[in-house]
Every structure is written in structure tokens, then in C-alpha cells.
Amino acid sequence: MFGCLQIMLALRIALRYLFSRKSHSAINLITLVAACGVGIITAAMICMLSVFNGFEGLVSSLTSRFDPDLRMQPTLGRTFHDNDSLRSLLLSHPDVEAVGVTLEETVLLSYGGHQLPARMKGVDATFEQVSRIDSILLGEDGFLLKDEVADYCILGAGLASVVGINRGFVRPLTVFCPRLIGKGSVDVTRPEEAFSEANLYCSNIFMVQQADYDNQYFLCSLPVAQKLLGDSLLTSAYELQLRPGANPNKVKCDLTSLLNPPASSQSISTPPFSFLTRYEQQADAYRIMQIEKWLTFLLVFFILLIASFNAIGALSMLIIDKEAQISTLRNMGADPSLIRRIFTSEGWLITGIGAVVGLTLGIILCRLQQHFGFISLGGGDTTRYVVAAYPVLLRWSDALLTLLAVAAVGLLSTFYTVRSTL
């Protein structure tokens, strides 16, 4: 009880010291600068983390048009044989809506004297369900890979530009693919038969607005890809479309347990298949973004450490200014712990006011950017960018982390000042 009363007394005296007139007006100014510095850096940390979250969400929305919710691929090797019973087992899960079969391989494209390597992705008719390919097609012909006349392909925009082809061109694109024998090796002893080829007409062009896709990939029908590789059952992955609201991580765990049960509780076999969520399919890109985010956070945190010297200076000058009052309190019976608690509360108030004001300012700025986009990309020239303004996504976990960082710096700086001065 006595401890609570002492804390309340210390806080009340600290509030009076903070807002009362000082003998030197410079102390008021330094205190104001210290609180403003903490507030501005807090707002900057909130905005910085929210912008990185926005870019992460933007990349996720772009890749979701091409990548499935869940991708099943072999743990060992690159390919396996398509199996109807395996697909039926996947579809038996209540959260799996559709399963598509795909086959990927690096091939050589040739058109009009241009030759370059590309990533072929053979897909079946289910690909329209497991991806949002229709939303990224530039032409009006839709998702056309085969009809009674010919076989077609859909090229990434960057790939089509380099090759020099466009949709509707009457001359076909030639695809050269290594002819595989045995366990995926190429027969180098007969170079004239080492490659299989196919002629494909360009029916459409897609644009994900991500270089990894637009500059490398083209789509063709699954039978064409299997024929090029010489195996009508060959596949490299199953792509799963989940029902709305399904948790990809939970479905991944369920399917992993379903397809790869442990041999015994003591000996767990290596799973023949692995499942990748959309984030795991683009693990490198997201990892780079996370590294950039937290490195930037550390840089701003070091700026906060430097700004804390303003709070140290303000608190030190306040202690010197209140020497007469400190002597009076001692004569009235105040023990050293009460006096230290008063000025500790003073330092916390300076940091706390700055942190609350900065947090409020940061949240307001993020909300305004989300709704109005007043900070645009490219100085107003929005034609070169995917979005017109900086994307922002405010997460309360980041706000809490920022408050904890500011509180830790304020606590350490206050503790050091009070212990070294009193």
C-alpha cells in the first residue's frame, strides 16, 4: 500500500515538474525537442514497417494470379507419374476444391532468328481454376492452348517482347526440348536425336508484372509438354485450389500426414512429397523483403538511440534546475528512492508522450495513404508502376513492436540518467 502511494506521489510531482515553468526557458525547449524527436521517429518506424507490409501484400497479390494456393511436388527428383488415385485422395480433403497437373522444364525457343532459353509450363484444363490466369491475359482470345487446328502457347510479356512475337502471328514458335532417357539424362551419343521439337502458335500473352514470370515462362497444354519429354504420364507438380477461407498451413499439415504416414513412432520415413504454400513458393523473394524490412527497422532504431540523448540532456538539465526542490524534499523526509522515482517518472513521461503522439501520427498517416494515396510512385508518373501510390498495410503487431522498442530505449536512457546524476 505504501509503495503504491509513493508511486502516485512521484508521478504527481513529475507531472508538475514537466509542465511547470522552469528557471531557464531553454529547458522547456529541450524537453519539447526531446519529446518531438521520439514522436517523429516513432511515426517514421510505423510508416516504414507499414510500407514494407504493403509491398509484401502487393507481391503476394501479383503472384497469386499465377501461383496456386498449395503446390505438391516430389521431395526427391523433379518429376513423378500422374496418378488418378493420388489426385482423388487430395480431392477427398474437404478444403481442396480443385487439383491441376503441371509439368515444367527448361527449353529453347526459336522464332524469326531469335533463340533463347525459357521455362515451359505444361498445364491441364484445371489451370484456370487453380490460378487467376484470366485476370492477367492481355488479349481477348482467352485461355486457348489447343483446338482442332493447332497447338498454342501463352507467353509472358517480357519473353514475347524478346522473341519478337505477338498473339495472332501466323508463323509458329519452335520449341526445342532435351529428350530424356533413363533417370533424366540426355543421350549425348546421338546429338541429332537429342532434342524433340514442337511448333506452337501464340494465342495470347500474360503479364504478372513480375520479371521471374514475365521474362521466363510460357504456357502450353500438358500433352504437348509430355510429348516433348517423351512420357505421357510425366508431371512435376500438382497445384491445389483451396476453398475460400481455408487455412493453407492446416491443409498442408493434413495432406502431409495423409500422404506420408510415419512407418512407426520410432522411425519416421522421408516424405516422398512436399507441399508448398504460396509464400513458400516465393520464399526467396519474401525472405529478401523481410531482410530489407528489418535492416531498415534497425537503422531507424539506431536513430532512435541517438535521439534518446535529447531526452537524457533534458532530464539532466531538469534535475539540475530542481536542485532546490530536491533539497526541500529531502528536508521534509523524502528518501533517495522517492526522489529517483520522481525523475524516473519524468523521463518516462517525456518518452511516453512522444511515443503516443508519434504512434497516433503514424497511424493517421498510414490510414490517409491507404485511402487517398497522396504519396505517389515516380513523382506522379504512374504509368510505369504496378500501383499509383506507395502501398501501405498497417499491422498492429508492428505498432506494438515499435512501442516496445521506444519504451525500452526510454527506460534505459532514464535509468542511466537518474542513476548517474542523483
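Mentor: First, a term: contact means heavy atoms within 4.5 Å. Helices (H or I, at least four residues) are DSSP runs, numbered from the N terminus. This is a predicted model: local features need pLDDT of at least 70, side-chain atom pairs count only at pLDDT 80 or more, and totals for chains, interfaces and linings use all residues. Residues are numbered from 1 along each chain as its sequence is written, and side-chain values use heavy atoms, with hydrogens and water left out.

Trainee: OK. Which residues of α10 meet α13?
Mentor: Among them are W294, F297, F301 and L304 in α10. On the α13 side, they include L401, V406, V409 and Y416.

Trainee: What kinds of residues make up that contact?
Mentor: It has 14 nonpolar, 7 polar and 2 charged. Ala, Val, Leu, Ile, Met, Phe, Trp, Tyr, Cys and Pro count as nonpolar, Asp, Glu, Lys and Arg as charged, and the others, Gly among them, as polar.

Trainee: New topic. How many disulfides are there?
Mentor: The search of the whole structure finds 0. A disulfide is a pair of cysteine sulfur atoms within 2.5 Å.

Trainee: Is C153 buried or exposed?
Mentor: Buried, at a relative accessible area of 0%. Buried means under 20% relative accessible area, exposed over 50%, partly exposed in between (1.4 Å probe, protein chains only). C36 is partly exposed, at 39%.

Trainee: And how many residues of α7 are buried?
Mentor: 6 of its 8, so α7 is mostly covered. L222 and L229 are among the buried ones. G230 follows α7, with a positive phi near 80°.

Methods:
Helix = DSSP H or I, 4+ residues; strand = E, 2+ residues; numbered from the N terminus.
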